[in-house]
Amino acid sequence: RGLVVCCCYPQSKYALEAPEHDAQFYEHMLQRFGFKELRTLSDRKLGLQSSHRGNILRMVEWLVEGATSGDSLAFVFSGHGLSTTATSSDRRDDLDRALLASDMEDTFPANLFFSSE
């Protein structure tokens with residue numbers, strides 16, 4: 001199984017152009033590596049296929065659901081990320097990393113995906 005998340009943030013002052021092309025590239029590469037179940041979320045799509053935080057969480061659950069030892073899973077995110085002062089004391093470098101969903105301006109900072117999640 002593979003999940004590709006594309007966040008271009010088209011109506012934002014932080015808009016990106018490349019994520020859509022990156023997503024297409026990774027979809028193609030995952031198919032070439034034999035991934036048969038692929039899902040893509042994008043802020044160029046509507047509803048349950050958009051790359052809003054709730055949809056990403058739902059699709060990550062789909063990605064790992066029923067996974068067993070030896071399964072191959074892929075998660076690809078193309079969009080903005082950030083580093084911030086660690087919110088937990090278990091980091092060696094005192095930084096936490098986070099990904100920003102396409103609804104970043106609507107619910108910031110509640111929509112951040114931290115590496116610890």
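The accessible surface of the protein chain comes to about 7500 Å², and 50% of that area belongs to carbon and sulfur atoms, the areas being computed by the Shrake-Rupley method with a 1.4 Å probe, with only the protein chains shown counted as cover for residues. Before I go on, please keep in mind that this is a predicted model, in which local features need pLDDT of at least 70 and side-chain atom pairs count only at pLDDT 80 or more, while totals for chains, interfaces and linings use all residues. Residues are numbered from 1 along each chain as its sequence is written, and side-chain values use heavy atoms, with hydrogens and water left out.

Now to the fold. The protein chain has three helices and six strands, and these follow the pattern β-α-β-α-β-β-β-α-β along the sequence; helices (H or I, at least four residues) and strands (E, at least two) are DSSP runs, numbered from the N terminus. Along the principal axes, the C-alpha atoms fill a box of roughly 40 × 35 × 20 Å. Of the 117 residues, 33% count as buried, where buried means under 20% relative accessible area, exposed over 50%, and partly exposed in between, with a 1.4 Å probe and protein chains only.

Which residues is leucine 3 in contact with, leaving aside its neighbours within four places in sequence? Counting heavy atoms within 4.5 Å as a contact, leucine 3 touches Arg39, Leu41, Met59, Val60, Leu63, Ala74, Phe75 and Val76.

Is tyrosine 9 buried or exposed? Tyrosine 9 is buried, with a relative accessible area of 2%. Its phi is near 50°, a positive value in a residue other than glycine. As background, most residues other than glycine have a negative phi.
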